Amino acid sequence: MRIVVQQAPFDLGAEANAFAAGRRDMGAVVTFTGIVRDLASADLDAMEIEHYPGMTEAALTEIATEARDRWSLGDVLVIHRFGRLCPGDLIMMVATAAPHRRDAFEAAEFLMDYLKSRAPFWKKEHSGGASGWVAAKDEDEDALTRW
Amino acid sequence: MDVLYFAWVRERIGLPKERVETQAATVADLVEELRAREARYAAAFADLSALRVAVDQKLTGFDAPLDGAREVAFFPPMTGG
């Protein structure tokens, strides 16, 4: 299990390859990647991600540990960035390795659902001189009830 | 104890962290003390349903006891991913 919280960009291909390499007993690797998107206003300049150092790592570790307890997983990787990002930049990724694909898919979805509303990150959007905090969505909270 | 603020709570109060001497028994008691300080605190804590709290870096509720707590953090609902 590897949990990384960093400001620097990460190399999705290199991370995915390293994660998948040499796993003779794992038939499935699922990766999810979050990207800064500009849907609402089409003039997003930047997205700033704030986090709670210490608690962030602890919360992500707890969520990943829960995923390993619930599904048959060989490994879990979570990388999440903070700081100022631009549209198109990679924000975060999760990867799960499992003997069978269903475990890998479900665990990756579980990680994402929990990470969205239980890991202490906050997003602020900057567009055209104005800025505002992204509000949490009810549907993100509702998504937790299915687990 | 150390009291930390994140996102718009930090902006509204105007600082990320402060040392608070308190005898508050619960998070709710601490909130009452902070609210009574100044308008910027009252504004930040006006609607507790819009806030989340962590005690010693664990998410908890406003009725949580503060006995032995070293760090309390207030912030809006999280928006990771």
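Student: Which residue caps the N-terminal end of helix α1 (residues 12–20) of chain A?
Tutor: The model is predicted, and helices (H or I, at least four residues) and strands (E, at least two) are DSSP runs numbered from the N terminus. Just after α1(A), Gly22(A) takes a positive phi of about 70°. At the N-terminal end of this helix, the backbone nitrogen of Gly13(A) has a side-chain oxygen 3.1 Å away, and the residue that supplies this oxygen is Asp11(A).

Student: What pLDDT do side-chain atom pairs need in order to count?
Tutor: Residues are numbered from 1 along each chain as its sequence is written, chains are lettered from A and ligands numbered from 1 in the order in which they are written, and side-chain values use heavy atoms, with hydrogens and water left out. Totals for chains, interfaces and linings use all residues of this predicted model, whereas local features need pLDDT of at least 70, and side-chain atom pairs count only at pLDDT 80 or more.

Student: How much area do chain A and chain B bury between them?
Tutor: Contact means heavy atoms within 4.5 Å, and the contact between the chains takes 25 residues from chain A and 20 residues from chain B. Buried area is the accessible area (1.4 Å probe) that two parts lose on being put together, summed over both. Of this area, 57% lies on carbon and sulfur atoms, and the total is about 1,800 Å².

Student: Which residues of chain A lose the most area to chain B?
Tutor: Three residues together account for 36% of what the side of chain A buries. They are Tyr52(A), Met55(A) and Trp122(A).

Student: Which element gives the largest share of the side of chain A that touches chain B?
Tutor: Between the two chains there are 14 residue pairs in polar contact, both at pLDDT 80 or more; a polar contact is a pair of N or O atoms within 3.5 Å, where within protein one must be able to donate a hydrogen and the other to accept it, and residues adjacent in sequence count only if both atoms are side-chain atoms. The elements of chain A that give two or more residues to this side are β3 (44–51), α2 (55–70), β6 (90–98), α3 (101–118) and β7 (121–127). The largest share, five residues, comes from α3(A).

Student: Which residue of chain A meets Glu11(B) in a salt bridge?
Tutor: A salt bridge is a side-chain nitrogen of Lys or Arg within 4 Å of a carboxyl oxygen of Asp or Glu, and three are found across the interface of chain A and chain B. In the one that involves the side chain of Glu11(B), the N to O distance is 2.4 Å, and the partner is Lys124(A).

Student: Is the aromatic pair of Trp122(A) and Phe75(B) stacked or tilted?
Tutor: Rings of Phe, Tyr and Trp (its six-membered ring) pair if their centres lie within 6.5 Å, and planes under 30 degrees apart count as stacked, over 60 as edge-to-face and the rest as tilted. Trp122(A) lies in strand β7 of chain A and Phe75(B) in strand β5 (residues 71–75) of chain B, so the pair joins two chains. Both residues are buried, where buried means under 20% relative accessible area, exposed over 50% and partly exposed in between (1.4 Å probe, protein chains only). With 5.0 Å centre to centre and 50° between the planes, the pair is tilted.

Student: Which residues form one aromatic cluster with Trp122(A)?
Tutor: The structure holds 12 aromatic pairs over all chains. The cluster that contains Trp122(A) also takes in Tyr52(A), Phe6(B) and Phe75(B).

Student: What is the phi of Ala7(B)?
Tutor: Most residues other than glycine have a negative phi. Ala7(B) lies in helix α1 (residues 7–13) of chain B and is buried, with a relative accessible area of 1%. Although Ala7(B) is not a glycine, its phi is positive, at about 55°.

Student: Which side chain makes a polar contact with the side chain of Thr22(B)?
Tutor: Thr22(B) is placed in the loop between β2 (17–19) and α2 (27–35) of chain B, and at 17% relative accessibility Thr22(B) counts as buried. The side chain of Thr22(B) reaches the backbone nitrogen of Ala24(B) at 2.8 Å. Not counting residues up to four places away in sequence, Thr22(B) touches Met1(B), Leu30(B) and Glu33(B). The side-chain partner, at 2.8 Å, is Glu33(B).
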